Amino acid sequence: MSDHILSRDDGHVRILQIHRPDKKNALTRAMYTALSEGLEDASTNASVRVVILKGEAGVFTAGNDLMDFMQDPPSIGAEPMPPVERFMRALMACTKPVIASVDGLAIGIGTTLLLHCDLVYCSENARFKTPFVDLALAPEFGSSQLLPGRVGRALAGELLLLGTEWDYQRAVEKNLVTAHIPAQDLDARVLNLAQTLAAKAPAAVRQAKALMAMEQEPLLDRIVREGEAFTALLRSPEFQEAATAFMERRAPDFSKFNA
Ligand code: COA
C-alpha cells in the first residue's frame, strides 16, 4: 500500500483514504495501484461489504499528478495496463457498493470517478471541476457519456467544455451527487450509512448494485435479467431470514451470510 493511500476496515466497511495533503491529494501511479489493490480485494473479500472512498478534510483529490502525466503519460487501452486504468476498471468492476465522501476539491479524475460510485456525499466545501479541455485533453473513462446522462447534455458542457467549477449546491441540485452532509458530520454520517448498507442482505445488495451499474439495455431484456436475480434470491437463505424476521417481528440478522 502506498504511504499516500490509507486503508482500514471498520467492521464490514473498507475505508480507502487518499492522503497526500501537501500535493492536494494529486494521484500518482503508486496511489492508483494501492487504490486498485484495495478495491480488487474488496470485490473478493467476504468480510468487506461496502467501500468508502474519501480524501482529506478540504480536499478529495486535485486529480492526476500532472508531473506524472508529463514524465510518463499513460497509454489508455494499451498493455501493460496503466495504473490509472487498472484503478478505474477496479472501481467499475467492484462487486461491493462504493460510497464516495467528498470534502473539498474534486478535480479531473476526482470528479470522473464519482460517476462510477454508487452513492456520493459531499460537504459544503466540495468543488467539482473537469478542466480537461483547458488542459488540452479530452474527457475520460466514460464521462462524456455518463455526465450528460446524469446532469443533461447542456449542463455537462459547463463541466466538460467550459471547465466551470461547480459548488456543492449546484452538484446536489443537478444530481451530480447524492446529497449534501455538513462537513462536521460527513465522516460519521457516511460511515453510518455504510454500516447500514453493510448490515443488509449481502447477495441482494450485490445484485441491486450490479443491475444499476450495468449498461443500458432494452427494458424487456432488463426485466428478464432482474427476474432471474429475483427468482434466485427468493430461494436464498437471506430471504428466508428476512421473511422469518418479519413474521417473528424482529430485525433480520444477515451477519452470518457471506458478502
Ligand atoms: N498534480 C501535481 N501536483 C499538484 C496537483 C496536480 N494535479 N495539484 C496540486 N498540486 C501541487 C502543487 O504543485 C503544489 O505543490 P508545491 O507546494 O510543491 O508547489 C501543491 O500541490 C499545492 O498546490 P497549490 O496550487 O499551491 O494550491 P492551491 O490551493 O493554490 O490550488 C489547486 C489548488 C488544486 C486548485 C491547484 O493546485 C490546481 O489547479 N491543480 C491542478 C489541478 C488539475 O488541473 N488537475 C487535473 C489533472 S487532469
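Where does Asn25 lie?

**View 1. Asn25 in its loop.** In this predicted model, Asn25 sits in the loop between S2 and H1. Asn25 is buried, and its relative accessible area is 0%. Leaving aside residues up to four places away in sequence, Asn25 touches Ile18, His19, Arg20, Met31, Gly55, Glu56, Val59, Phe60, Thr61, Ala62 and Gly63.

**View 2. The shell around the ligand.** Which residues surround the ligand? They are Asp22, Lys23, Lys24, Ala26, Ala62, Asn64, Asp65, Leu66, Phe69, Leu105, Ile107 and Leu135. By class, the shell has 7 nonpolar, 1 polar and 4 charged residues. Two elements, helix H2 (66-71) and strand S6 (105-107), each supply at least two residues of the shell.

View 3. How far is an oxygen atom of the ligand from an N or O atom in the side chain of Lys23? The distance is 2.5 Å. For the side chain of Lys24, an N or O atom lies 3.4 Å from a ligand oxygen. A ligand nitrogen is 2.8 Å from a polar backbone atom of Ala62. On its own, the ligand has 860 Å² of accessible area, and the protein covers 56% of it.

**View 4. Helix H1 and its neighbours.** Helix H1 spans residues 29-44, 16 residues in total. From first C-alpha to last, H1 reaches 23 Å, close to the 22 Å expected at 1.5 Å a residue. Which residues of H1 are buried? They are Met31, Tyr32, Ala34, Leu35, Ser36, Gly38, Leu39, Ala42 and Ser43. The strands packed against the buried residues of H1 are S1 (5-10), S2 (13-18), S3 (50-54) and S5 (98-102). Helices H3 (83-93) and H4 (109-112) pack there too.

**View 5. Helix H6 and its neighbours.** Helix H6 covers residues 153-160. Its buried residues are Leu155, Ala156, Gly157, Leu159 and Leu160. What do the buried residues of H6 pack against? Their partners are strand S8 (127-129), helix H5 (143-151), strand S9 (166-167) and helix H7 (168-173).

Methods
Residues are numbered from 1 along each chain as its sequence is written. This is a predicted model: local features need pLDDT of at least 70, side-chain atom pairs count only at pLDDT 80 or more; totals for chains, interfaces and linings use all residues. Side-chain values use heavy atoms; hydrogens and water are left out. A residue is near a molecule or strand if one of its heavy atoms lies within 4 Å of it. A polar contact is a pair of N or O atoms within 3.5 Å; within protein, one must be able to donate a hydrogen and the other to accept it, and residues adjacent in sequence count only if both atoms are side-chain atoms. Accessible areas come from the Shrake-Rupley method with a 1.4 Å probe; for residues, only the protein chains shown count as cover. Helices (H or I, at least four residues) and strands (E, at least two) are DSSP runs, numbered from the N terminus. Ala, Val, Leu, Ile, Met, Phe, Trp, Tyr, Cys and Pro count as nonpolar, Asp, Glu, Lys and Arg as charged, and the others, Gly among them, as polar. The expected span of a helix is 1.5 Å times one less than its number of residues. Buried means under 20% relative accessible area, exposed over 50%, partly exposed in between (1.4 Å probe, protein chains only). Contact means heavy atoms within 4.5 Å.
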